[in-house]
Amino acid sequence: MRRITVFGATGSVGESTLDLISRREDVAVVALTGGRQVDRLAELARAHRAELVVTAYEECYRPLNAALAGSGIEVAAGPGAVVEAAYRPADWVMSAIVGAAGLAPGFAALSQGLILALANKESLVTAGPLLLAEARAHGATLLPVDSEHSAVFQALVGETIETVEEVTLTASGGGLRDWPLEKLAEATVTDAGNHPNWAMGQRITIDSATMFNKAMEVIEAREFFGLSPEQIRVLIHPQSLVHALVAFRDGGVLAHLGSPDMRHPIGYALNWPARAALPVARLDLAAAGRLDFFEVDPRRYPALGLARVVMQRGGAAGAVFNAAKEVALDHFIDGRIGFLDMAHAVEDTLERYESHGGLGIAPNSLQDVLDIDTAARRHAVEVIGAGYPAA
Ligand code: NAD
Ligand code: MG
């Protein structure tokens, strides 16, 4: 039996992970964690006969406990309980909490020397070097779940990173790709929350429209694969069928293609190093007809330029960038700033953080990362309060 824990079980990645797990008989579910979707969390816990189920919110304890009365499933609540779940003996753990909240549970899980399937991209953006060092120290294996990174990872099987010239991550361009530039400032949460190809959580869908998602992925790729910033390129590919391309020094390029279904990269990580059958739609290139690729217009997607700044600065920049992005996104979702203000807010927060203590000081521990995160959120709130009147 493989012992499996899923962090963020009620989310888009979490649900897909459990869908794959439900098709197997060799898996025992140790712990499932979620947020405020108490009923769904209880349903999943019963369906998978989890040992433990945890909500990140104290106030959800009672309803969750009530929903699981008589089931024999252990119930816990609060951020501390989420982290504790990571110490329950397991062999394979999915990290699919959204945001910086996913960092601590992932770190804790690594201490078991297990396989950590990493969907939470914030972990690598805010704490890449620390996370990789922690995995090494405990003999744990990190596997990428982001579709682009899984694609690169798969293209690199049997290769060495020294032979790689360039990696291209593809981007759909998000829900506003074809909007006129001058209309972007007026885009609403509904406009930005529609993704042309992927069904994902609300936050990552809006991050696709701004390309903050791709900006995070560029940083993620640099950290995970140890590439230089110049080796990572982004192309818009509206069909989302080619997920990444790896160009080698002999001029050969390996591309990874597939239907846009997260169950492929999740399943790859679940079965790794084997390749097992997966219930995803098969790619029909003749039906697709064509594969288009375009350069990214920096005026439309300023977030991507900010990723370059972050990689160039290093140190605390990744954690500041992520925190500022999360705060800006909260403000946009609440209707307090406009679509284009998100990138301005992140840029201004990076500058303000620099002038207050410096981006150059790299975090040395998980606690350092969390402290940078807290400070950067404060700066972001102040920057937004001063600079961007309600849209
Ligand atoms: P989602 O919003 O659908 O789900 C997030 C999960 O995290 C839910 O279970 C929620 O209850 C939980 N959660 C939210 N806030 C929490 C907190 N403070 N503490 C503990 N748990 C909390 O998100 P998603 O789309 O599944 O994405 C999850 C992660 O995977 C993100 O980091 C995202 O960038 C990454 N990712 C997602 C996709 C995708 O297709 N959805 C693809 C690649 C990477
Ligand atoms: Mg991705």
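# How do we know? Talking through a predicted model

Student: Why is Lys 214 called buried?

Tutor: Its relative accessible area is 5%. Buried means under 20%, so Lys 214 falls on the buried side of the cut-off. Keep in mind that this is a predicted model.

Student: Where does Lys 214 sit, and what is it in contact with?

Tutor: Lys 214 belongs to helix 10, residues 212-225. Leaving aside neighbours within four places in sequence, its contacts are Glu 148, Leu 169, Thr 170, Ala 171, Val 234 and Leu 304. Each of them counts as a contact because heavy atoms come within 4.5 Å.

Student: What makes His 48 buried, and where is it?

Tutor: His 48 is in the loop between helix 2 (38-47) and strand 3 (52-55). Its relative accessibility is 16%, and that is under the 20% limit, so His 48 counts as buried. Not counting residues up to four places away in sequence, His 48 touches Leu 18, Ile 21, Ser 22 and Val 29.

Student: And Arg 49: buried or exposed?

Tutor: Exposed, with a relative accessible area of 72%. Exposed means over 50%, so 72% qualifies. Arg 49 is also in the loop between helix 2 and strand 3, and it has a positive phi of about 45 degrees although it isn't a glycine.

Student: Which value of phi does Ser 240 have, and is Ser 240 buried or exposed?

Tutor: Phi of Ser 240 is near 50 degrees, a positive value in a residue other than glycine. Ser 240 is in the loop between strand 9 (232-236) and strand 10 (242-248). Its relative accessibility is 5%, under 20%, so we call Ser 240 buried.

Student: What about Pro 273: where is it, and what kind of peptide bond joins it to Trp 272?

Tutor: Pro 273 is in the loop between helix 11 and helix 12 (285-288). The bond between Trp 272 and Pro 273 is cis, with omega at about 5 degrees.

Student: How does the reach of helix 16 compare with what is expected?

Tutor: Helix 16 runs over residues 366-387, 22 residues in total. From its first C-alpha to its last it reaches 31 Å, close to the 32 Å expected at 1.5 Å a residue.

Student: Which residues of helix 16 are buried, and what do they pack against?

Tutor: The buried ones include Val 369, Ile 372, Asp 373, Ala 376, His 379 and Val 383. The buried residues pack against helix 5 (103-110), helix 6 (121-138), helix 14 (317-333) and helix 15 (341-355). As background, an α-helix has 3.6 residues a turn, so residues three or four places apart point the same way.

Student: Why is Tyr 388 called buried?

Tutor: Tyr 388 lies in the segment after helix 16. Its relative accessibility is 11%, and since the cut-off is 20%, Tyr 388 counts as buried. Among its contacts beyond four places in sequence are Arg 336, Ile 337, His 344 and Val 383. Tyr 388 and Thr 10 are 378 residues apart along the chain, and their C-alpha atoms are separated by 34 Å.

Student: What surrounds ligand 1?

Tutor: The shell has 23 residues, and the closest are Thr 10, Ser 12, Val 13, Gly 35 and Glu 122. They're in the shell because a heavy atom of each lies within 4 Å of the ligand. The shell divides into 12 nonpolar, eight polar and three charged residues.

Student: How much of ligand 1 does the protein cover, and which elements give two or more residues to the shell?

Tutor: On its own, ligand 1 has 820 Å² of accessible area, and the protein covers 86% of that. The elements giving two or more residues are helix 1 (12-22) and helix 6.

Conventions:
Residues numbered from 1 in each chain as written. Chains lettered and ligands numbered in written order. Predicted model: local features only at pLDDT ≥ 70, side-chain atom pairs only at ≥ 80, totals over all residues. Heavy atoms only, no water. Helix = DSSP H or I, 4+ residues; strand = E, 2+ residues; numbered from the N terminus. Expected span 1.5 Å × (residues − 1). Buried < 20%, exposed > 50% of the residue type's maximum accessible area, 1.4 Å probe, protein only. Areas by Shrake-Rupley, 256 points an atom, 1.4 Å probe, with all protein chains shown as cover. Nonpolar A, V, L, I, M, F, W, Y, C, P; charged D, E, K, R; others polar.
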